[in-house]
There are 2 protein chains.
Amino acid sequence: MTTAAGRVLAVLSAFGPRHRSLSLSDIARRAGLTLPTAHRLAGELVSWGGLERDPAGRYSVGLRLLELAALAPRGLQLREAAFPFLDDLHSLTRGNVHLAVRDGREVVYVETLRARAAATNSRVGDRWPMHATGTGLVLLAHAEPAFQAEVLRSPLERFTRYTITEPGELRRQLAFIRQSGVAVARGTITPDDLVVAAPVRDPSGRVAAAISVVVQVAGARPRELARLLTATSRSLSQQLAGGPARVMASSGARQAGWAAPAACASDR
Amino acid sequence: MTTAAGRVLAVLSAFGPRHRSLSLSDIARRAGLTLPTAHRLAGELVSWGGLERDPAGRYSVGLRLLELAALAPRGLQLREAAFPFLDDLHSLTRGNVHLAVRDGREVVYVETLRARAAATNSRVGDRWPMHATGTGLVLLAHAEPAFQAEVLRSPLERFTRYTITEPGELRRQLAFIRQSGVAVARGTITPDDLVVAAPVRDPSGRVAAAISVVVQVAGARPRELARLLTATSRSLSQQLAGGPARVMASSGARQAGWAAPAACASDR
């Protein structure tokens with residue numbers, strides 16, 4: 001990007017998961033700017049609050065961007081409404097819990113509640129290809145046909161021997177997910193993980209997000225998890241539609257005949 | 001701000017808690033830009049991902065800013081490390097749990113776990129004056145003397161009849177918080193709330209953040225809460241210093257002789 005606006009955004013884009021703290025010359029190099037320009041723009045971003053400067057003079061992302069992110073309807077705002085449901089799923093299943101939305105051909109995690117002993121280490125803001133994640137499969141299954149076709153035509157990266165990379169098989173999977181209302185997949189990214197995911201609908205009834213629970217395959221109870229996720233996603237969708245006072249995952253758990261120590265979560 | 005960079009940031013600054021969805025003319029008016037300029041900049045921000053456009057053509061904050069916010073050392077990155085501790089506090093106390101950092105003369109909430117039946121409705125990204133919040137009092141108590149003096153000289157807004165607005169009384173409170181290691185305050189923002197807050201130290205030992213629990217005054221157990229917060233803040237600070245494997249709030253609860261159903265949290 002070569003416009004003035006583009007140069008500011010290039011400075012912000014210089015930061016990433018493996019580039020959380022950058023020197024001025026790092027920024028200039030990664031943003032493709034001269035040192036004086038990088039210095040001027042970084043300075044403006046610091047005084048605005050979008051960047052912070054540590055005592056050593058290195059730059060990192062500032063709190064102003066957290067405040068803005070909190071306003072994203074598909075970001076922290078959605079997360080606010082969903083949190084109690086995710087929190088219950090977390091304490092009921094002891095698994096990794098994800099709330100994700102679609103962005104381009106990827107899913108972005110809007111919330112992640114990590115299990116104490118988690119193999120995967122997912123973070124808010126993480127991006128994954130749709131075909132390789134439970135939430136992505138759900139969002140893809142409910143996406144418009146043209147978009148599905150586009151993804152099915154695109155290269156499908158393989159992460160483990162369980163990742164679905166054959167278009168025909170993926171198409172069958174998506175049909176099954178639409179029909180069953182839930183995605184159950186094993187080890188698409190981490191071999192020993194089992195993910196169960198379900199759609200979250202906006203007030204218009206459109207699938208706007210997906211929730212998932214990731215547990216270890218050993219000792220997992222896919223059927224019970226599927227019922228729990230289904231009940232929770234229904235309650236959360238009702239909540240987003242301004243429906244009845246929150247129906248918690250814990251009550252969903254009772255509907256689903258969930259056997260885990262729901263007592264803890266249900267009275268929270 | 002009149003520079004090109006400033007105009008881009010002004011477009012982003014047009015969004016706020018009461019302005020989550022803006023038309024192009026809203027943006028132009030709030031950013032002090034001509035309609036064509038607002039249109040061009042909003043367009044660049046949409047293609048970058050910092051803004052999203054809904055079917056009705058209104059603009060809102062986009063996921064790209066959530067991804068960036070996730071990189072903020074004092075934002076979602078700190079929150080990642082703190083979450084398990086906050087989650088335990090949440091389930092142990094059934095209260096509102098906050099993680100906050102100082103920004104200028106205010107505190108910004110980096111994480112909020114809301115109680116089911118919460119009077120207050122705090123959100124990530126919320127800002128409050130330091131003297132009126134438990135986390136703010138803790139951060140102010142451990143701030144450099146020059147900064148404390150500056151805050152004590154500034155007007156101290158009154159939210160309830162319990163808010164400390166008299167500099168001398170506030171100075172005594174801060175000394176007591178430094179000495180006791182924990183802040184206990186009643187109804188500084190909401191009359192029927194009790195807040196207990198404690199400092200979180202970075203690896204250098206500096207107080208970098210604060211955690212708090214807000215419960216209803218009726219039936220609250222300030223002493224036990226103070227012991228629980230103290231134990232939790234110590235464990236979290238050790239964790240940030242790369243210390244021993246996580247000591248959870250739940251075990252802190254045992255140290256603190258916490259009577260609540262710790263069984264739920266401790267085995268999570």
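Student: What makes Phe147(B) in helix H7 of chain B count as buried?

Tutor: Buried means under 20% relative accessible area, exposed over 50%, and partly exposed in between (1.4 Å probe, protein chains only). In H7 (residues 145–153) of chain B, Phe147(B), Gln148(B), Val151(B) and Leu152(B) are buried. Helices here are DSSP runs (H or I, at least four residues), strands likewise (E, at least two), numbered from the N terminus. This is a predicted model: local features need pLDDT of at least 70, and side-chain atom pairs count only at pLDDT 80 or more, while totals for chains, interfaces and linings use all residues. Side-chain values use heavy atoms, without hydrogens and water.

Student: How do you know that they are on the same side of H7(B)?

Tutor: They cover an arc of only 135 degrees around the axis, so they sit on the same side of H7(B). The arc is taken from the directions from the helix axis to the C-beta atoms. The face turned away carries exposed Pro145(B), Ala146(B) and Arg153(B).

Student: What do the buried residues of H7(B) pack against?

Tutor: Strand S3 (96–103), helix H6 (134–141) and helix H8 (167–180) of chain B. Contact means heavy atoms within 4.5 Å.

Student: Why is Arg94(A) called partly exposed?

Tutor: Its relative accessible area is 29%. That value falls between the 20% and 50% cut-offs, so Arg94(A) is partly exposed. Arg94(A) lies in the loop between helix H5 (76–93) and strand S3 (96–103) of chain A.

Note on methods: Residues numbered from 1 in each chain as written. Chains lettered and ligands numbered in written order.
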